[in-house]
Amino acid sequence: FFLLLLVIQVTYHFFQKDNGVFDAQVSKYFELPAQVSQLANRPWTIFTYMFSDTGVLHFISNMLWLWAFGFILQELTGNKKLIPIYIYGGLVGALFFIIINYSIPSLRFNIGSTALLGANASIMAMAVATTVLAPNFRFFRNIGRGIPIWVLTLIYVLIDSAGIATSGAAYSIAHLGGGFAGLLFVYLLR
């Protein structure tokens, strides 16, 4: 979906259309709307949002985190747990996103124009699941005894949680919801 959106976005820029036109005509069909009535008109977005992105740097960052945590998770659990954790994390993140937008009065004001796009909730689920499965796994073993995975996950969660204090609170809470799904998945797996 990212590559499809990128090609369409480049085409829009080639014909000198601005990002607002691209968002209104294309991007809205991939992103998860916060408003339930809009979600009822585009129910497929509950899945497409977690596989889509429109920012190249954001996409690369997500893929690096996915590679790091996904590789370890795959080594620990095999091939059959990677995709379910990704999907469950995205679904729980979507649920948290919608609930938070309806629960916090200051967010309800913009609920019609708020939408979620990107793999952050799913990747947070993988990060938390991997950390719970192997908290003593170490990265960069050449540096001293290495950096424990829980330190990297804690840094990832803290950086993401810093968004709660801003207007992006619903996004950060959705990502934490994905992390909760990863924790719950591992708990039920055990």
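Residues are called buried at under 20% relative accessible area, exposed at over 50% and partly exposed in between (1.4 Å probe, protein chains only). The model is predicted, so local features need pLDDT of at least 70 and side-chain atom pairs count only at pLDDT 80 or more, while totals for chains, interfaces and linings use all residues. Residues are numbered from 1 along each chain as its sequence is written, and side-chain values use heavy atoms, with hydrogens and water left out.

Helices (H or I, at least four residues) and strands (E, at least two) are DSSP runs, numbered from the N terminus. Helix α5 covers residues 56-77 and reaches 30 Å from its first C-alpha to its last, close to the 32 Å expected at 1.5 Å a residue, the expected span being 1.5 Å times one less than the number of residues. Its buried residues are Asn62, Ala68, Phe69, Gly70, Ile72 and Leu73. After α5 comes Gly78, with a positive phi near 90 degrees.

The structure holds six aromatic pairs, where rings of Phe, Tyr and Trp (its six-membered ring) pair if their centres lie within 6.5 Å, and planes under 30 degrees apart count as stacked, over 60 as edge-to-face and the rest as tilted. Tyr88 and Phe185 form a tilted pair, at 5.9 Å centre to centre and 40 degrees between the planes. This pair links helix α6 with helix α10, 97 residues apart. Tyr88 is partly exposed at 44%, whereas Phe185 is buried at 17%. Phe97 and Tyr171 are also tilted, at 5.4 Å and 35 degrees. Trp65, Phe69 and Tyr156 form one aromatic cluster.
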